[in-house]
Amino acid sequence: MSTMIRAEQVVQEVSSGQEILTILDQVDLKISTGETLAIVGASGAGKSTLLGLLAGLDLPTRGRIWLDGQALHDMSEDERARARAGRVGFVFQSFQLLPALTALENVLLPLELAGIGDAQARARSALDRVGLSPRLAHRPRQLSGGEQQRVALARAFAPQPAVLFADEPTGNLDADNGRKVADLLFDMNAQSGTTLVLVTHDLGLAGRCGRQLSMQDGRLHEAMPA
Amino acid sequence: MRRPDGDQVLLIVAMAVAVASASAVAFFSARIDAAMSRQAGEAIAADLRTRDSQPIAQSVEQQALDLGLDTARTVTFPSVVIAGERSALAGIKAVTDGYPLRGELRVADKPFGAERIQQHGPPAGEAWVDPRLFAELGIALRDEVQLGALRVRVTQVLAYEPDRGGGFTTLAPRLLLHADQLDATELLGPGSRASFSLLVAGEVAALDALQTNTTSQLAAGQQWTSAEQARPELEDALGRARRFLGLAALSAVLLAGVAMALSAVQYAARQRDAVALRKTLGATGAMILREELRRLLVLGVSGGLLGLMFGYIGQWVLVRILGDLVLMSLPAPPLWPALPALATGAVALVGFGLPPLARLRRVPPMRVLQQTLGPPPASVWGAGLVAALAVGVLLVWQAGEARLALIVFAGAALALGALAAAAAALTWAVERLRHRSGAAWRYGLANIARRRADAILQLVAVGTGMTVLLLLVVVRGDLLATWRDSLPDDAPNVFLINIQPDQRETVRAFFADRELGEPVLHPMARGRLLAVNGSAVDSEDYSDPDAQRRLEREFNVSWTDAIGADNETIDGQWWGEAGHGQSWISIEESMIESYGWALGDELRFDFAGQTVDLEVVHRRKVEWDSFSVNFFLLVPPALLDDVGATWLTSVHLPPAGKTELLDLIRREPNITVFDVDALMAQVRRVMDRVSLAVEAVFALTLLAGLIVLVAALQGTRQARRHEAALLRTLGASRQVLRQSLFTEFGVLGCLSGLLAAGFAQVIAWVLAQAVFDISYAASPLLWLAGPVGGIVVMTLAALAGIRGVAGQPPLATLR
C-alpha cells in the first residue's frame with residue numbers, strides 16, 4: 001500500500017520568554033493510503049500540533065513532512081494552501097463553520113477553492129448524505145451543535161479528499177449527538193476510502209480506527225486498542 | 001497608562017477629528033471677528049455718513065464744518081480702466097483730502113507685499129489700485145492707466161480701505177484717486193451710476209446736533225448712517241457664512257461621535273473579563289467608573305490636543321483659500337477658540353463615548369465563572385437619549401438659535417434616514433447577487449449580508465461626506481456648464497451703459513462701420529417712488545430687503561411701445577403704439593409681488609424734480625437670462641422725454657470685437673462697458689474659492705466617515721482573523737483572501753458611491769428645477785466619480801483597518 005503521509009524527525013519548539021518548550025520531539029510517522037489512524041493522549045501532549053503540521057497548517061521547527069507525495073516542508077504557505085485545496089478535509093471540535101455563509105455555502109467553499117466543477121450538485125448531495133437537505137439555507141447560528149458538525153462532515157467529504165483530519169470531532173457534543181456524528185464519520189470514510197487521521201482522548205472513538213498511536217511528552221508510541 | 005490599544009487609538013483619532021474640524025472653523029471665525037472689531041467705527045471710515053445717487057448739498061457739509069466736525073467726500077462708480085491693449089472694469093473711488101476720517105488706508109510697493117499705513121488718500125495725479133487690477137491690466141507700479149479722459153499714474157498698491165464694506169469682495173477691483181481729478185475723467189455725466197457720500201466725524205454732541213439740524217434738509221433716501229448701523233449688514237453676511245461653516249464642521253463632529261461610540265463599545269466589550277476579575281477581588285462599581293472616567297479623560301485630552309494642532313493648521317488652510325476674498329487683513333488667531341472647540345469634542349465624547357464605558361461598572365463578578373454573563377442589557381433609549389442630547393446641545397450652540405438647530409436636526413435626521421433606507425435596500429439587493437459562483441465573491445458578499453447593520457452604518461457614514469463633496473465638486477461645475485450651454489451662442493456678452501443722448505449716433509455708427517451688428521438702444525431714466533395710491537411710501541412698510549433697498553434708492557424706468565419675445569404678458573394689455581404719451585406703467589411680475597401692487601394702482605414718481613403719476617396697466621414675466629436689456633418698469637414713449645435719459649444697449653461681440661471696443665471707450669470715455677464674460681469669470685472665481693473652503697471642511701466629514709468605517713472594522717477584526725485562518729485551512733490562498741476583502745469593500749465602496757451619486761443627482765435636479773430653472777440631465781461624471789471614488793476610498797481605509805488579517809498562520813488562530 002502506498003504512503004499517504006510521512007513525517008521524519010519532526011521537532012516543534014516554541015519559545016516562551018527565555019525558555020524553549022519542545023512540543024514535538026523527533027516524531028517519525030508513516031500513514032498508508034486508506035488507513036484510519038487515531039492519535040490519543042492527554043491534553044497538551046501535542047496531538048493537535050502534530051495534526052496541524054501533518055496538514056501543512058504550519059511548518060515544523062525541524063524535520064520533514066510529505067503529504068500525498070508533496071514535500072510540505074519545502075513549500076510556502078500559499079503553496080501549502082493550494083496543496084490542501086480539494087485534497088484535504090477537516091473536522092474540528094468546535095465545528096468552525098463560517099458564520100456568514102449558509103450550510104450549503106459552507107459546503108460549497110472547499111469545492112470552489114479547489115476549482116471542482118459541478119460544485120452545487122456535489123454540495124447538495126453531501127448535505128443530503130448527512131441528513132440536512134431541509135436546512136440548506138440555514139446559517140450556522142440557526143443550527144444545533146450536532147447539525148453544525150454534520151455540516152462540517154459534509155464540507156469535509158464533499159471534495160472527496162485524499163485525507164481527512166479530525167480533531168476531537170465529538171468533543172463538543174453530548175453523548176447521543178456524539179455517537180451519531182461518529183457513526184456518520186466512519187460510515188462516510190468507509191464509503192470513500194479516505195485516509196483518516198483522528199486526534200482524540202476518547203478511547204472508544206479511537207478504537208474504531210485501524211491503528212492507534214499514543215502521544216506522550218512530544219513523542220509517539222504504539223498504543224493498545226481500547 | 002499602558003500603551004493605548006486599537007480601540008483607544010481610534011477614540012483618540014475620532015476626538016482629534018472632531019476637535020480639529022470645530023477648531024479650524026472657530027479659529028478662522030475668531031480671526032475675522034478680531035479683524036472686524038478692530039474695524040469698529042472704520043466700517044464707514046467716519047462717524048456718520050450720508051449717501052445718494054446725487055451729490056449731497058454743500059449746505060449740509062457747511063453746517064457740519066460750522067459745528068466743528070471734520071468732513072470728507074467720496075464718489076464711487078464703475079468704469080473701465082485701460083492700460084495699453086488691456087482693459088478691466090474697476091470700482092472707481094474719488095476721495096477728498098480728509099478721507100478717511102476714521103481708520104486708515106494701507107498700501108504696499110508690490111501686490112501682496114508688506115503693508116504701510118497711510119492716513120490719507122492719493123494726491124492729485126496719482127492712483128492707488130488693488131492687487132487684482134495689477135493682474136488684470138498687466139501693469140507695474142509707476143505705469144500710467146487711462147480712466148475716461150484722464151491719464152493717471154499708478155503709485156501704490158492699495159491693500160486695505162476701511163469702508164470697502166461687505167467683508168467679502170465686491171466684484172470690481174478698486175482704483176482710488178483724488179476727487180479733484182474727477183472732472184478730468186469726464187466720466188460723470190447726467191444719469192451716470194455714481195454714489196456720492198459725505199463723511200463726518202467729531203464730537204458726539206456735534207454729531208447729534210448735525211443729525212437733528214439737517215434731517216429735514218436731506219433729500220428723500222438720504223439719511224445719516226452711523227458706523228454701528230453699518231455694521232449689522234456686514235455682520236449678517238459674515239455671521240451666516242460662519243454659521244454655515246460651523247454647521248458643516250458639526251457634521252464631522254457628529255460622525256466622529258459615532259466612531260467614538262463604536263470604539264468605546266468595543267473597548268468595553270474587551271474589558272469585561274478584567275473588570276469581572278477586579279470586582280471578584282473587591283473593586284466596587286464606583287472604583288471601576290472612576291477609573292474609566294480617568295481613562296476617557298486622558299484619551300479625550302490627548303485627542304483634543306492633537307485636534308487643536310490640526311485645527312490650527314486647518315484655519316491656516318481656510319485663510320489661504322478665502323484670505324484674499326475677505327478684504328481685511330486678518331490678525332493672528334487668538335487662542336481662546338481652543339476652549340469652545342475642546343468643549344465641542346468633550347460633549348461628543350461624553351455623549352457618545354461615555355455610556356458604553358459607564359456600563360462596565362455593572363459587569364457582574366460572576367462572569368469569572370460564567371463567560372456569558374455581561375452587564376445588564378444597555379437601554380437603547382438611554383444611550384440614544386444621551387447621544388441625542390449631545391447632538392442637540394452642539395446644534396443649538398453652533399446654530400446660535402433653537403429654531404435653526406431644530407430645522408437642521410430635522411433635515412439631517414430625514415436625510416440620514418433616507419440614506420440609511422437606501423443603504424439597506426442596496427445591501428439587500430447585493431445579497432441576491434452572491435449566488436454567483438466564486439468563493440472570494442461569495443464570501444465577500446456574504447460578509448456584507450452578515451454584518452448588515454455595520455454595512456449600513458458604514459455606507460451612511462461614508463456616503464454623507466461623499467454626497468456633499470460630489471455636490472460641490474461635480475454638480476456645481478455641471479450646473480454652471482449646463483446653464484451656460486442653455487444660453488444661445490449669440491446671447492449678448494457686452495453691455496454699454498451711460499450713453500448720453502448725443503452719443504447715440506456715434507455708438508450706432510461705431511458698430512455699423514465695423515459690421516458688428518445693429519445695437520438697439522434703450523432709454524433709461526431714474527426716478528424715486530414717492531407715493532402709492534396717494535399714500536407716501538416708507539421702506540419700513542416692506543419686509544423684503546430688496547424692496548426696501550429699491551425704495552431707498554431710485555428705480556430705473558425705460559420706455560418703449562414694443563416688448564421683446566423674452567417678455568410675456570401675465571395680466572393687463574400691452575399698449576403698443578396706442579400708448580404714446582399715456583400715463584401708464586408696466587411692471588415685472590416679481591417686483592409687483594414684492595410690493596403687493598395690483599393693476600389699477602396709482603404710482604407717483606419723482607424724475608429729477610418732475611412728478612409723474614402712473615397707472616399700473618400691465619404685468620410682465622421677464623426671461624432675465626436672455627441677457628438682453630430688460631427693465632422692471634416700462635412706460636409708453638413720449639411721456640418722459642424731458643426728464644433727462646441715458647441710453648444703454650447689449651450686443652454680442654466676438655473676442656476681436658471686444659478689443660475694438662477699446663477704441664470707442666477711448667473716444668467716449670463716459671460710456672461704461674460691462675463685459676459679461678469677465679464678470680462671469682469673476683463670479684466664478686469667488687464661487688470657486690468659497691466652495692473650495694466648504695469642500696475643505698466637508699473633507700473632514702468624509703474623514704470622520706472613514707473613521708466610523710475603521711472603527712466598525714476594528715470590532716470585526718478578531719472574527720475576521722479567525723475566518724481567514726479557517727479559509728486558509730480549507731485551501732484558500734492569500735490571493736483568494738485578498739479578493740474576498742476587495743469584493744466586500746469594493747462592493748461597499750461602490751454602493752456608498754452610488755448612494756452618494758444618487759443623492760447628489762436628486763439634489764442637483766431639485767436645484768436645477770427650483771433654483772436655476774434649467775433642465776439637468778443625469779451626469780455621467782457623477783455616476784463615474786461616485787462609485788470609483790467610493791471604491792478607492794473605502795478599500796484603502798478598509799485595508800488599513802484590517803491589515804494583517806490574512807497573514808496569520810492558520811494553526812495559531814484556530815487554537
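**Exercise 1. Chain A as a whole**

What share of the contacts in chain A with a separation of 6 or more comes from residues 24 or more positions apart?

*Solution.* Start with the ground rules. This is a predicted model, in which local features need pLDDT of at least 70 and side-chain atom pairs count only at pLDDT 80 or more, while totals for chains, interfaces and linings use all residues. Residues are numbered from 1 along each chain as its sequence is written, and chains are lettered from A and ligands numbered from 1 in the order in which they are written.

Next, the term: two residues are in contact if their C-beta atoms, placed from the backbone, lie within 7 Å. With that, residues 24 or more positions apart account for 69% of these contacts in chain A.

Of its 226 residues, 49% count as buried. Buried means that 20 or more other C-beta atoms lie within 10 Å of a residue's own; 12 or fewer make it exposed, and anything in between partly exposed, with C-beta atoms placed from the backbone.

**Exercise 2. Where the chains meet**

Find which elements of chain A touch chain B, and describe that side by class.

*Solution.* First, count: the contact takes 21 residues from chain A and 22 residues from chain B. Second, locate: on the chain A side, α2 (77–84) and α3 (103–113) are the elements that give two or more residues. The largest share, five residues, comes from α3(A). Third, sort: this side has 12 nonpolar, three polar and six charged residues. Here Ala, Val, Leu, Ile, Met, Phe, Trp, Tyr, Cys and Pro count as nonpolar, Asp, Glu, Lys and Arg as charged, and the others, Gly among them, as polar.

Finally, the predictor gives the complex an ipTM of 0.78 and a pTM of 0.69.

**Exercise 3. Two partners of α3(A)**

How is α3(A) oriented to α5(A), and how to α4(A)?

*Solution.* Take α5 (residues 145–157) of chain A: its axis and that of α3(A) come within 8 Å and cross at roughly 30°. Axes are lines fitted to C-alpha atoms, for helices over the stretch in contact, and angles run from 0 to 180 degrees between N-to-C directions. The two helices are therefore roughly parallel (under 35 degrees; over 145 is roughly antiparallel, 65 to 115 roughly perpendicular and the rest oblique). A:A103, A:N106, A:V107 and A:P110 of α3(A) make the contact with A:V151, A:A154 and A:R155 of α5(A).

Now take α4 (residues 119–129) of chain A: the axes of α3(A) and α4(A) come within 9 Å and cross at roughly 125°. That makes α3(A) oblique to α4(A). The residues that meet include A:L104 and A:L108 in α3(A) and A:A123 and A:L127 in α4(A). By class, this contact has nine nonpolar, no polar and three charged residues.

**Exercise 4. Two residues of chain B**

Why does B:T344 count as buried?

*Solution.* B:T344 sits in helix α8 (residues 338–358) of chain B. It counts as buried because it has 28 C-beta neighbours inside 10 Å. Beyond four places in sequence, B:T344 touches B:A18, B:A22, B:V253 and B:L394.

Compare a loop residue: B:L188 lies between α4 (182–185) and β10 (195–201) of chain B. B:L188 is buried too, with 21 other C-beta atoms within 10 Å. Its C-alpha atom is separated by 8.9 Å from that of B:F77, 111 residues apart along the chain.

Conventions. Helix = DSSP H or I, 4+ residues; strand = E, 2+ residues; numbered from the N terminus.
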